[in-house]
Amino acid sequence: MSRAFLVVMDSVGIGGAPDANRFFNGGVPDTGANTVGHIAGACAAGQAEVGRSGPLHLPNLDALGLGAAARLASGEDAPGLGAAPVGLWGAASEISPGKDTPSGHWELSGLPVPWDWHYFPDSVPAFPAALTRAVAQAAGTGGILGNCHASGTEILERLGAEHLRTGWPICYTSADSVFQIAAHEGAFGLDRLLNLCRDVAPIVHEMKVGRVIARPFVGTPEGGFARTANRHDYAIAPPGKVLTDWVQDAGGRVHAVGKIGDIFSMQGIDDVVKGPDAELMAHLGRLVDTAEEGSLTFANFVEFDSLYGHRRDISGYARALEWFDAEIGAILRRLRPGDLMILTADHGNDPSWSGTDHTRERVPVLAAGRGAGAVGQVGFTDVAASIADHLGLAEGGPGRSFL
C-alpha cells in the first residue's frame, strides 16, 4: 500500500499559459504574466525588501524542480532558482475555461469544468434585481449594500459603518465567478451570515456562479474593520466523480486541509481541518506522520493568493514563498518509503501584473517520492491520473500518469 499527498500552493503560477491572451486583468491580457518568475526577478533586483531581503531563497522547492519547471513553462530563467532537480518535475496547463479556484482544483482532480462560468458585469449595479431581492428577503433586510465589483478590504472601509447602521449585508463580486457577502460577526451574527450564504447559494449556483463566499468581519468605524478567519465558501458541487471519490470508492480515506472541503462541497472527503496557513502546515505535518495506508491528503495553502497576490504585494508574496519552502522542506524529510507528495498550483496571481485578478499561467508539478526526472508539459488532469496510478486505483479520469 502507498499514501498520496496533493499540496496546492494557491496561485503559484510559472507563466507561459498557451491561451493567456484570452484572459484579462483590467483590460490587459495575461500574456507574459509569470508569478514565480516576476517575484524572483523583483527579489534579485532589490525590489522586494519589505520584511525580507535579497534574491528569492527557495532551496527545497528548487531542488524538487521549481526553477526547471519555470524555465520549461515560460522559456525564461527565474533568478536564484537554478538547482539540478532531485524530484520529478514538469509544468501543467489547464483546459477549463476559467482561472479560478474551483476550475483549477476540479481539473487537478480529474474533472475539467464542462461549462462556462457566469461572471457578474463590472458595473453598478452588478447583480440582477431578482438576486438582490432574494438576498434581502433571505437576510430579512430592506436591501443590500455594495452591489458592485470591489476588493474585500476596500469595501469594508467604504461600507462598514453603513452596514452597522442599517444592518444590510454587503454584497460584492470580483473578476472571479463569485458572489461575496460580508457582515459583522457581532452586529449581524456569524451564524446568521453563514445561513444567509447557504440559503442564497442554490440561486447563485443555478446561474453557474462558482461560489458564494461568507466574509465575516469585526471592528468599528473609529478603529477600522478587519476580516476574520471564519470565511466559508459555498461552491457548486463537482458534476461528476473526482479523485477524492476514486480514493473512497477503493476503500481509502481522504483528509482535507484548508478550503478543499469548501471547493468540493465535501464530495469524497472524510474529514477537514481549516485555519491560517501556519496552522494548516502543522496539520499537514501531522497527517504525514499519521495518515493511513491507501489514503489521500489534499491540502490548499491560500495565503499566497488571498493576502499577497490579489493585493499585488511582491514582498509579501516572496516572504510567504520562503516561509512555505522552509516548512515544506522539513515535512518532505518525514515522508515514508512508498509515499508520493505532489506540489502544484491551481492558477497564477502575478503580484507585478495589471489589475487584481488571477493570471492565466501554467503551474509547477513537483513530485517527491518517485525518483527524479523531467515529466515535461502535462495537463492538470494528469496530476489526478498520477495519484490514481500511485495508489493503484481502478479509476484515473481522462488524464495520463506521468509516474
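## The model and its overall form

This is a predicted model, in which local features need pLDDT of at least 70 and side-chain atom pairs count only at pLDDT 80 or more, while totals for chains, interfaces and linings use all residues. Residues are numbered from 1 along each chain as its sequence is written, and side-chain values use heavy atoms, with hydrogens and water left out.

The protein chain has 13 helices and 16 strands, where helices (H or I, at least four residues) and strands (E, at least two) are DSSP runs numbered from the N terminus. Its radius of gyration is 21 Å, close to the 22 Å that the globule rule gives for 403 residues, so the protein chain is as compact as a globular protein of that length; the radius is taken over C-alpha atoms, and the rule is 2.2 Å times the number of residues to the power 0.38. Of the 403 residues, 59% count as buried, which is to say under 20% relative accessible area, whereas exposed is over 50% and partly exposed lies in between (1.4 Å probe, protein chains only).

Eight strands form an open sheet with mixed pairing, in the order 12-11-13-1-14-15-4-16, and two strands count as paired if DSSP finds at least two bridges between them. Strand 12 (271-273) and strand 16 (373-379) stand at the edges with a single partner strand each, so one side of each has no neighbour in the sheet. Strand 11 (residues 254-257) runs parallel to strand 12 and is joined to it by three bridges, and H255 stands opposite D271 in strand 12.

Helix 10 (residues 277-290) packs on this sheet, touching strand 1, strand 11, strand 12, strand 13 and strand 14, where contact means heavy atoms within 4.5 Å. The direction of helix 10 makes about 165° with that of strand 1; axes are lines fitted to C-alpha atoms, for helices over the stretch in contact, and angles run from 0 to 180 degrees between N-to-C directions.

Leaving aside its neighbours within four places in sequence, I328 is in contact with L61, M281, L284, M341 and L343. In helix 13 (residues 380-391), eleven of the twelve residues are buried, so this helix is largely enclosed by the rest of the structure, and I387 is one of those buried residues. Just after helix 13, G392 takes a positive phi of about 70°.

## Details of the backbone

N147 has a positive phi of about 60° although it is not a glycine, and this residue is buried, with a relative accessible area of 14%. S265 is likewise not a glycine and has a positive phi of about 50°, but S265 is partly exposed, with a relative accessible area of 35%, and it is placed in the loop between helix 9 (260-263) and strand 12.

A cis peptide bond, with omega about 0°, joins V124 and P125, and P125 is found in the loop between helix 4 (101-108) and helix 5 (129-139).
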